[in-house]
Amino acid sequence: MDPWGPSDPLGEALHAVRMDGAFYCRSELTAPWGLTLPPMEGYVWFHVVTAGALQLEAPGAEPVPMRPGDLSLVPHGGGHVLRSEPAADAPGILDLEREEVSPRYEILRHGGGGAPTGLVCGAVRLGHPAARRLVAALPAILHVEGTQTLDAGWMDGTLRLMAAEARELRPGGEAVITRLADILVIQTLRAWIERDPAARRGWLGALRDRHVGRALALIHREPARDWTVDALADELAMSRSAFAARFTTLVGEPAMQYVTRWRMHLALDELTGGDVTVAELADRLGYRSEAAFARAFKRVIGTPPGAVRRAAAAAGGPVASAA
């Protein structure tokens with residue numbers, strides 16, 4: 001049996017939160033201290049306080065005080081600042097001397113010699129379109145206090161495993177660290193979804209809706225199917241007009257526009273991260289001709305699919321930012 005069936009659309013979206021490119025840094029800081037972290041488009045930053053206290057500042061949000069056990073996400077890839085106190089100087093983290101344990105793991109020691117703070121930071125790159133859509137619905141800072149986490153021991157255990165894998169550099173270590181980072185992010189999302197009314201609005205709210213949530217899950221599961229408003233309404237045993245109105249109200253765009261957008265973001269992932277031709281993608285996503293697929297792709301993404309594929313090949317890896 002498939003545990004991620006359309007009966008649990010929100011669970012399926014969380015299941016798709018797969019990340020890569022994990023960067024992991026453990027910091028030993030003494031007051032006064034400050035750090036400026038640079039913008040990283042397409043990445044989610046997470047920060048966990050293991051000792052002491054700090055203030056997190058990001059554009060578009062009120063400063064957030066953090067204490068031991070607290071975890072915060074900065075989900076939109078923007079630059080932000082961490083500091084021991086409001087007036088502390090905050091040099092760029094890339095300008096500070098760091099101990100490189102591995103290409104993905106560093107240790108930072110910095111500060112004025114006062115009260116100590118322990119901090120674990122990580123940056124992970126979003127993968128699946130469902131993950132990006134989910135993260136796009138989050139606030140500028142998502143903060144979960146240590147007392148609000150789902151299990152008092154899960155965070156400490158996860159961080160210990162990440163540190164051990166980063167130090168020992170065993171085969172597959174980067175994959176393990178990345179999956180553990182997935183767990184940190186997903187647990188934080190779950191805690192936020194359970195307690196914050198904002199999680200009941202927009203796309204996340206639509207996933208919770210009995211009818212629209214199932215329609216979204218069906219679209220995500222079978223993007224190549226010849227979907228129409230009538231076909232989706234029939235699956236839900238709703239009238240065409242009632243379904244169309246409800247979908248647009250909850251999701252923020254008409255159903256068929258969502259179908260096209262979803263297909264094109266799946267295609268973008270394939271073109272930037274894999275070895276697939278435009279013709280293969282067109283067929284895989286249910287288009288009768290490569291030309292029709294290319295027109296839809298350029299309309300949604302803003303760049304012809306062939307140009308994205310050539311840029312990815314020239315860069316030798318994922319270049320989603322090219323689009």
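**Core.** I looked up the largest nonpolar core first: it has 68 residues, and M162, L216, F243, F247, F293 and F297 touch the most other members. For my notes, a nonpolar core is a set of buried Ala, Val, Leu, Ile, Met, Phe, Trp, Tyr and Cys residues joined through side-chain atoms within 4.5 Å. Buried is under 20% relative accessible area, exposed is over 50%, and partly exposed is in between (1.4 Å probe, protein chains only). I also noted another core lying apart from it, with 22 residues, including L37, W45, L56 and A58.

I then picked F297 and listed its contacts (heavy atoms within 4.5 Å). Leaving aside neighbours within four places in sequence, F297 is in contact with M264, A267, L268, L271, G302, T303, P304, P305 and V308.

**Ground rules.** This is a predicted model, in which local features need pLDDT of at least 70 and side-chain atom pairs count only at pLDDT 80 or more, while totals for chains, interfaces and linings use all residues. Residues are numbered from 1 along each chain as its sequence is written, and side-chain values use heavy atoms, with hydrogens and water left out.

**Confidence.** pLDDT is the predictor's confidence in each residue, from 0 to 100. The chain averages 83, and 85% of the residues score at least 70.

**Whole chain.** I counted 12 helices and 11 strands. These are DSSP runs numbered from the N terminus: helices are H or I with at least four residues, strands are E with at least two. Of the 323 residues, 48% are buried. Among contacts with a separation of 6 or more, 72% are between residues 24 or more positions apart.

**Helix 6 on helix 8.** Two packed helices are described by the angle between their axes and the distance between the axes. My axes are lines fitted to C-alpha atoms, for helices over the stretch in contact, with angles from 0 to 180 degrees between N-to-C directions. Helix 6 (residues 212-221) packs on helix 8 (residues 240-251) at about 85°, axes 10 Å apart. I therefore logged helix 6 and helix 8 as roughly perpendicular to each other.

On the helix 6 side I found V212, A215, L216 and I219, meeting F243, R246, F247, L250 and V251 of helix 8. The residues of this contact split into eight nonpolar, no polar and one charged. My classes are Ala, Val, Leu, Ile, Met, Phe, Trp, Tyr, Cys and Pro as nonpolar, Asp, Glu, Lys and Arg as charged, and the others, Gly among them, as polar. Eight of the 10 residues of helix 6 are buried, so helix 6 is largely enclosed by the rest of the structure.

**Helix 9 on helix 11.** The axes of helix 9 and helix 11 (residues 290-301) come within 9 Å and cross at roughly 95°. That makes helix 9 roughly perpendicular to helix 11. T260, R261, M264, H265, A267, L268 and L271 of helix 9 meet F293, A296, F297, R299, V300 and I301 of helix 11.

**Loops.** Is E253 buried or exposed? E253 counts as buried, at 6% relative accessibility, and sits in the loop between helix 8 and helix 9 (255-273). Beyond four places in sequence, E253 is in contact with R133, F247, T248, Y258 and R261.

L138, in the loop between helix 2 (129-136) and strand 11 (142-144), is buried too, with a relative accessible area of 6%. Not counting residues up to four places away, L138 touches P75, H76, L189 and W192.

Most residues other than glycine have a negative phi, and most peptide bonds are trans. I noted A237, not a glycine, with a positive phi of about 55°. A237 is exposed, at 73% relative accessible area. The peptide bond from A31 to P32 is cis, with omega near -10°; P32 is in the loop between strand 1 (19-30) and strand 2 (34-37).

Key: Parallel < 35°, antiparallel > 145°, perpendicular 65-115°, else oblique.
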